[in-house]
Amino acid sequence: MSPNFSRRRFIKGIGGAAAAASFPDVLRVVLADSPPQSAPRVRAIVFWEDGFPQVDGCGVVRSVLQAALGSFDVSYLSERELIEQLTIDRCELLITPYGSAFPKRAWPAIRAFLRAGGNLLNLGGSPFVVPVVRAGSQWRTEERQTAYHKQLGITQSFPVEASAVSSYRAANHFSRDNLKDNNGQSLTRDFTADKVFELYVRFTSSSLVPDESGSDGPREAALYPLVFGMNREQRPIAAPIIQIDRLQGEFAGGRWLFANFSGRISAAVTGQLAQLAAQSVIEFRVRTEFACCRAGETPQFTIDLHRPRGDLRTLIHDDCHLEVRTGAGQLVSQLTIPLKTESARATGSGKAKELTQLEPGLYRVEARLTVAGSAAHELTYTSGFWVYDAKLLRSGKP
């Protein structure tokens, strides 16, 4: 390769050509679509049977669910009705409020719903640990077992006594999704945990090297703690509320939220978790062309959006908005990037043309994108880049 035409210049040229080719189509897609005038309410199914036992539960009663799900179109179904009616085309969210206990006869229907990309909210305990069967007019619990939740990639759970937790705090993976009430107050204290059940997961079902024992495989899911339990030294030792996003594989498209503790949970927290679970999975990423920019180079950003269940054309009507800030938080640029949207993926690319004379140092990139539909919400993503600082590097010592 010519010394005047470096690998860096080659990559920049290819990226610019791809962006130039895609922009006319992007603009047409964005202008052709318009958001619906009104969105339907999220449809949720709650498994509910009077007298059904709670095991490691959160003391959830019918009135708590009714207060929490006021904005949903809710159906409370018995075991028999659940078996007959639980399908992905009838609801966006399944809620199981009995902790570790679940109706054994309905397991094939629950598993089929999750395999189709259905969303789940389980309140209390470890999910699908204690099968419950009807014995005449009564309900009978079977022994605790791992056979059912292992089919979901949850191999085991381990109890953590809540007495070791001195406080709870939001995990801040998704700052806009932190649990808050209508007045913006944190809800991390609006539940009481007696025992937290930490899940051990395995989120790959195949090996990259099939004949090699211990080979890793493609990542099929991502787990995010939403709340941390902190010990007296303010170290996280438990995660009583977690979110699992199924990105590919057998359960692709589903979002599972677990309040994996025994104790008490309020209607406010339950409602927040239901809203979050109903959003389904959208993987949102923002990347810079290079992690490090040289003096005079213009940062270029690439947007990638992936929804395993498709239908992105009906959900994405707006452009992606980016803000670039210094390490101290000072805003230095704002730009809007239009997206080229297909069924399951949307992409876009753009440059901050005014950012050619940036001072050396670290810069933060914050992206926002509005998702329409019955579970309308805003996606956020934070990335960054570094402007080469020769003086800083020269000041280092070997």
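**Exercise 1. Identify which residues have the most contacts inside the largest nonpolar core, and describe the surroundings of Leu82**.

Solution. The largest nonpolar core comprises 74 residues, and those with the most contacts inside it are Leu82, Leu93, Ile110, Phe261 and Ile265. Here a nonpolar core is a set of buried Ala, Val, Leu, Ile, Met, Phe, Trp, Tyr and Cys residues joined through side-chain atoms within 4.5 Å, where buried means under 20% relative accessible area, exposed over 50% and partly exposed in between (1.4 Å probe, protein chains only). The model is predicted, so that local features need pLDDT of at least 70 and side-chain atom pairs count only at pLDDT 80 or more, whereas totals for chains, interfaces and linings use all residues. Residues are numbered from 1 along each chain as its sequence is written, and side-chain values use heavy atoms, with hydrogens and water left out.

Next, take Leu82 and set aside its neighbours within four places in sequence: Leu82 is in contact (heavy atoms within 4.5 Å) with Ile45, Phe47, Leu77, Leu94, Pro103, Ala106, Ala109 and Ile110.

**Exercise 2. Determine whether Trp139 counts as buried or exposed, and locate its contacts**.

Solution. Begin with the secondary structure, in which Trp139 belongs to strand β7, residues 138-141; helices (H or I, at least four residues) and strands (E, at least two) are DSSP runs, numbered from the N terminus. The relative accessibility of Trp139 is 14%, and Trp139 therefore counts as buried. Then consider Glu49, which is 90 residues away along the chain, although the C-alpha atoms of Trp139 and Glu49 are separated by 9.9 Å. Beyond the neighbours within four places in sequence, the contacts of Trp139 include Glu49, Asp50, Gly51, Phe52 and Pro53, as well as Glu79 and Val132.

**Exercise 3. Trace the pairing of strand β11, and explain why it is largely enclosed**.

Solution. Strand β11 spans residues 221-230, and because 8 of its 10 residues are buried, it is largely enclosed by the rest of the structure. Two strands pair if DSSP finds at least two bridges between them. Strand β9 (residues 167-170) pairs with β11 in the antiparallel sense over 4 bridges, and Arg169 has Phe228 in β11 as its bridge partner. Strand β12 (residues 236-246) is joined to β11 by 8 bridges, again antiparallel, with Tyr224 opposite Gln243 in β12. Finally, β11 and β12 form a hairpin with 5 residues between them, and Gln234 in the turn has a positive phi of about 60°.
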